[in-house]
Amino acid sequence: EARVMIAGEGLQPSSRGKRVRFSGDGAVVREGPFASARELVAGFWIWQVRSMDEAVQWLKRAPFPVGAEIELRQIMESEDLGAALTPELREQEDRQRAQVEQQKERGR
């Protein structure tokens with residue numbers, strides 16, 4: 001009712017996933033399952049809140065069992081990159097966002 005939650009999805013098990021490791025020589029793809037399964041992300045919620053403290057307050061109300069541990073992180077935005085976000089990269093990002101929006105519109 002508070003319209004805080006934007007999205008929430010479960011993820012397929014790691015046995016159906018792949019990991020891509022980038023190095024100077026390119027990318028190496030590994031098939032799942034992955035050994036350290038206790039630290040895998042099983043799903044996610046996206047909330048739109050004003051602060052991390054507000055997110056913590058919402059999470060305290062969530063129906064998780066005793067012993068569950070949930071990690072909260074912010075979504076990185078362009079402004080978080082500071083000087084590393086050159087005008088060329090910003091233009092590229094704007095073009096990609098426009099393309100995604102066009103694809104959404106065509107899909108309706």
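1. The side chains of Lys104 and Glu101 meet in a salt bridge, with 3.4 Å from N to O. A salt bridge here is a side-chain nitrogen of Lys or Arg within 4 Å of a carboxyl oxygen of Asp or Glu. Lys104 and Glu101 are three residues apart in helix H2, so about one helical turn separates them. Lys104 is partly exposed at a relative accessible area of 45%, and Glu101 is partly exposed at 40%. Buried means under 20% relative accessible area, exposed over 50%, and partly exposed in between (1.4 Å probe, protein chains only).

2. A word on the source of these values. This is a predicted model, in which local features need pLDDT of at least 70 and side-chain atom pairs count only at pLDDT 80 or more, while totals for chains, interfaces and linings use all residues. Residues are numbered from 1 along each chain as its sequence is written, and side-chain values use heavy atoms, with hydrogens and water left out.

3. The structure holds six salt bridges. One of them joins the side chains of Glu31 and Lys18, at 3.1 Å from N to O. This pair links distant parts of the chain: Glu31 is in strand S3 (residues 26-31) and Lys18 in strand S2 (residues 18-23), 13 residues apart. Both Glu31 and Lys18 are exposed. Another salt bridge is formed by the side chains of Arg73 and Glu71, at 2.8 Å from N to O. Both Arg73 and Glu71 are exposed.

4. Next, the overall layout. The secondary structure consists of two helices and four strands, and along the sequence the pattern is β-β-β-β-α-α. Helices (H or I, at least four residues) and strands (E, at least two) are DSSP runs, numbered from the N terminus.

5. How does the radius of gyration of the protein compare with that of a compact globule of 108 residues? The globule would have a value near 13 Å, but the protein has 18 Å. The radius is taken over C-alpha atoms, and the globule rule is 2.2 Å times the number of residues to the power 0.38. The C-alpha atoms fill a box of roughly 50 × 40 × 35 Å, taken along the principal axes. Of the 108 residues, 10% count as buried.

6. Ala62 is buried, with a relative accessible area of 16%. Ala62 is found in the loop between H1 and H2. The C-alpha atoms of Ala62 and Glu101 are separated by 32 Å, and the two residues are 39 apart along the chain.

7. Now the aromatic rings. A pair of aromatic rings is described by the distance of the centres and the angle of the planes. Rings of Phe, Tyr and Trp (its six-membered ring) pair if their centres lie within 6.5 Å; planes under 30 degrees apart count as stacked, over 60 as edge-to-face and the rest as tilted. A search of the whole structure finds two aromatic pairs. The rings of Trp45 and Trp47 have centres 5.6 Å apart and planes at 40°, so this pair is tilted. Trp45 and Phe64 form a tilted pair, 5.5 Å centre to centre and 35° between the planes. That pair links distant parts of the chain: Trp45 is in strand S4 (residues 43-47), and Phe64 is in the loop between helix H1 (52-59) and helix H2 (87-107), 19 residues apart. Ring pairs link Trp45, Trp47 and Phe64 into a cluster.

8. Met5, Trp45, Phe64 and Ile70 form a nonpolar patch on the surface, with about 380 Å² of accessible area together. Patches are made of residues with over 30% relative accessible area and no salt bridge: like charges are joined within 9 Å, nonpolar side chains (Val, Leu, Ile, Met, Phe, Trp, Tyr) within 5 Å. Accessible areas come from the Shrake-Rupley method with a 1.4 Å probe; for residues, only the protein chains shown count as cover.

9. The charged end of Arg19 sits over the ring of Phe34, 4.1 Å from its centre. The charged end of Arg61 sits over the ring of Trp58, 4.3 Å from its centre. For this, NZ of Lys or CZ of Arg must be within 6 Å of the ring centre and within 35 degrees of the ring normal.

10. Two backbone details remain to be noted. The peptide bond from Gly32 to Pro33 is cis, with omega near 5°, and Pro33 is in the loop between S3 and S4. Arg3 has a positive phi of about 60° although it is not a glycine. Arg3 lies in the segment before strand S1 (5-10) and counts as exposed at 78% relative accessibility.
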